[in-house]
Amino acid sequence: MSEYIIKNGNVFDPVQGIKGDKKDIAIKDGKIVDKVGSGAKVIDASGKTVMAGAVEIHAHIAGPKVNLGRIYRPEDKLFSCTPTKGMERMGGGASIPTTFKTGYEYAKMGYTTAMEAAMPPMFAKHVHEEIRDTPIIDEGAFPVFGNNWFVLEYLKNHEIENTAAYIAWMLRVTKGYAVKVVNPGGTEAWAWGLNCLSVNDPVPYFDITPAEIVKGLIEANEYLGLPHSMHIHPNNLGNPGCYQTTLDTLRLAEGMKANNKFGRESVMHLTHSQFHAYKGTNWGDFESGAKEITDYVNKNKNITIDTGNVTLDETTTMTADGPFEHHLTGLNNLKWANCDVELETAAGVVPYIYSPNISVCAIQWAIGLEIPLMMKDPMRCYITTDHPNAGPFTRYPRVIKWLMSTKARETQINAFKHKDKVLSQTSIGSLDKELSLYELAQMTRAGPAKSLGLGGMCGGLKPGMDADVAVYNFNPDKPVADPEDIEKAFSRCAAVFKSGVQVVSNGEIVSTGNKRTLWVNAKVNDNPQVMRDINEKFLKYYSITQANYEALGHHFVPNPYALEVDATHV
Amino acid sequence: METVTITMKNLPALYLEADTITPDSFAGKTAAQIAELPVYEGNVATTLGKYFEINGGAGATAADTKIIVKGDVRKVKYLGFKMSAGEMVIEGSTDLYVGAWMTGGKILAKGNVEGFAATAMKGGELTIEGNAGNYLGAAYRGDWRGMSGGKILVKGNAGSDVGMYMTGGEIVINGNVDVHLMTHAEGGKTIVKGNTQSKLGGQMVDGTIIIYGSIETMTPGFKPNGEVELEVDGVKGKFAHFIGDMGERHKKKKGAVVYANLYKKI
Ligand SMILES: [Zn+2]
C-alpha cells in the first residue's frame, strides 16, 4: 500500500489532545504511523484544517424504508440528479439519495464511517445489499429490538440472560452492530391501533411497560459488553411536552454502569434529542426544553446524545415509530406509507417541509442548535440531522456554520417570519457560544467513535489507528470574514483518506476505496431455550423459514469487519 | 422586444431534452452563443446549434426576448421550461413539458402539445391552439404541487388528469377532456366547454370545475346543492351545483366547511 504524508496542516485531534498544532500526519499500510519514508507522497495541508475522518452515529441511509421513500418520492429526484462523472456513477435524490450518491456525498464532506440507525431484522438482507452498494464509507446497521416479541416476552419476566442470548443470535444472523430501540412498546401497540406515550403505558397483550423494556435492554447490552450502548428513540417523539417523557426515559439509566472492553463509558444513547426536547401543551405555546434535557445529560455521565438538527429543508421523514408517522400525515396531509414487519417492528414514511415561515419549524431549528451549544462535554453530544428526518445529511456544513458562528445564527433568525416567537420560546438569541474546531472534532469524530466503541479504531489520528483523514480548505489562523466560508469549506474536502486510500482530491471522488461492513459477533453460552423459542416462532408465526432468514455470505456482506465480543465467561 | 427564430434543420434520432429553449437562457446572447447552449439527445450532451438554425438575437432580458420555433419539433421536450418572462411562439406540434414550471411570460403553441404541459405552472399564459395531452397543469409525478397560478387556454381537446393537484390559476378547454379532471385539487378553476368523462374532482378538497357539455359518469363523492346563476366570461347562465369530494378531508373557513364546487350547465 502507498505511503502518504500530510504536511503542515492545522491538526485537531481530541484523541491525542491536539488543538490546531501544525503537524504532519503519516500514513502507511492503511494506518496512521509515526513516520514514513522519503518516497511517501506529500499532501500539502499548510493553511488547511486536518481532522480524522468523521463518524456518523445515526442516519437512515440503507434498507426498505429508505427505499420506500425513494420509490414513492420521484419528485425528490426531480432537480437533483447528477450524471456519471469520472469515478462517479450517476446519482440522484435530495433527501433520499441513491446509494452511490450517499457514499460520495459523505466522503466529499470528510465522513468515513456511518451507522444505519434502524434495521428491521427480517429485512436485514435488503439493508446489507444497499450498504454493499454504498461506496467508500464503512457502515454498520442497528437492528431494532424495542418492539420485538421475543424481547417483550423475555423482559416481561426480566430474563436478562435469555434476552442477551437472543440479541447475540440476532446480531449474528442480521450482521447487526448495536441494540436500537424505537418508541419502545409503542410500535407494537400501534399494531393494536394504540401507542405508548409514556414510559409506564402498558403494551397491549404483552403486559409490559416501555420502562421495563428499556431497562432490560440496557442490562442485556451490558451483560454482553457490546461496543455501543443501547441506542434509543424514546416514546412520545415530537409532541409538545415530550421532554418529560424523555427525562423519564433518561432516568431509567440511573445507577447503570458500562461494561465493555471498547472504552465506551455510556449505557444509553439518546438519539435526535431535538425531537424529544419540547415543552408546552400545544403547538401554540410550543417551546424549547433544551435546557431541561441538557441539564440532566450534563450531570449524568453515562448518557450520550445526538442532536437531530432541523435544516429548514423539504425532506422525507421515516421511522420505525409507525404511530408517529400516522400522526404526522394527519398534521401535514402529505402522502403516508406504512408497513408492519411481522413479530419485529413497523415503519412509516411521510414527506415534510420545514418552512422558515412556520413558527414551529423555526423553534425546532433553534432547539437543535441550543442542545449542542448547552452541552458541557462535547465528547457526549454528536451532530446529526437524523437524516433524512430533520434534514438531509448533506446539510452538515450548514449546521456546522450555525454552530461556529453567532453571526450566521443571527442572519437566519432575522430571516424567520416569526422571529419574535423563536426568541421568546427558545434561548437561541442569548447563546453567544461559537463551537471551536476542537469541539467540532469531538462532536463529529472522537465522541461518536467512543460511544460506538470504535474509539481505538477511528475518530482520531493516533498512530496505530485506521488512516481515515479529512483535510479541509479552512485556515484556522485567519478570522472568518463571512460565515458562508465555513459552510463552503466543510462541504468539499481538499483531500480525504479512507483506511489509507485517498478517496477524495479537491472535492472530487478519486477512488471508491475499500468499504467494510462493521458488525458485532457476540459469543454467549449455549442457550437451548432461546434456540428452541426461535425455532418455534419461525414454525408458528413467521411467514419465512429460519433457513431463509440469515444475511449470509459474499452477496450481502462482501467485506465484513467483525468486532468480537466474548460473553461466555459470564 | 428582440426576436430569435430557431428552425429545426437536423431532426434528432432520439428525443431532444431542450430545457434551454427559453427567453431566460437566450437573454443577452447572440445567435452564435445561443447555438452553443447545452441540450441532451438521449443521454448524450450536445448543443442546440446541432439541430436548429438560429437567426436574430435575444433582448437584454427575458422580458425583451421573443422566440419563434419553426419546423418539426415533435421530438423536442421542455420548450419554455421554467420561463419567467418574454414570449414564445411554437408554430408546429411539440412534445412533453411545454411551459413546465413557468412563472411568467406567454407561450403560444399553434399545433398540439404532448403531456405534462405547464406542470406546476406558477404564472404567465399558455395558449394551445391544437390539442393538449394528459396531465395539463398537473403536479409532477409523485408531487402534490400542481398549477398554482397563471392561465391556460386550449382551443382543442385535452387528455386525462388535467389540473391534478391544482392549487390556483385557471384552465379553459374549448373542447372535450378525458377522465380525472382536477383530482386532488386544492384550488384554482377549470372550465370545460365540451364534454367530460368520469372521476371529475376525485379527492378534490377545494377549487372550481365548470362544465358546459356532458358528464359521462358523475363522481360519487359529489352531492347536489341546488341550482345557481353564474357569470362566466361575461355571459350569464344557469348551472346545477354540486359540492365534494365528500370522501375527502375539508378545511373550515369562518366556521363553515369549504368544499370543492362543480357546476354543470343546464
Ligand atoms: Zn432516526
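Predicted model: local features only at pLDDT ≥ 70, side-chain atom pairs only at ≥ 80, totals over all residues.
A residue is taken as buried when its relative accessible area is under 20%. Just after H15(A), A:Gly453 adopts a positive phi of about 75°.

Elsewhere in chain A, helix H8 (residues 243-251) includes A:Thr245. With a relative accessibility of 6%, A:Thr245 counts as buried, because the cut-off is 20%. Its side chain makes a polar contact of 3.0 Å with the side chain of A:Asn236. Leaving aside residues up to four places away in sequence, A:Thr245 touches A:Leu197, A:Ser198, A:Val199, A:Asn235 and A:Asn236.

We turn now to the interface between the chains. Here, eleven residues of chain B are in contact with twelve residues of chain A. About 900 Å² is buried between the two chains, and carbon and sulfur atoms give 67% of that area. On the chain B side, B:Tyr140, B:Trp144 and B:Arg249 lose the most area to chain A, together accounting for 49% of what that side buries. Three residue pairs are in polar contact between chain B and chain A, with both residues at pLDDT 80 or more. One salt bridge is found across the interface; the side chains of B:Arg145 and A:Glu314 meet in a salt bridge, at 2.8 Å from N to O.

How values were computed: Residues numbered from 1 in each chain as written. Chains lettered and ligands numbered in written order. Heavy atoms only, no water. Helix = DSSP H or I, 4+ residues; strand = E, 2+ residues; numbered from the N terminus. Buried < 20%, exposed > 50% of the residue type's maximum accessible area, 1.4 Å probe, protein only. Polar contact = N/O pair within 3.5 Å; in protein donor to acceptor, adjacent residues only side chain to side chain. Contact = heavy atoms within 4.5 Å. Buried area = accessible area lost by both parts, 1.4 Å probe. Salt bridge = Lys/Arg side-chain N within 4 Å of Asp/Glu carboxyl O.
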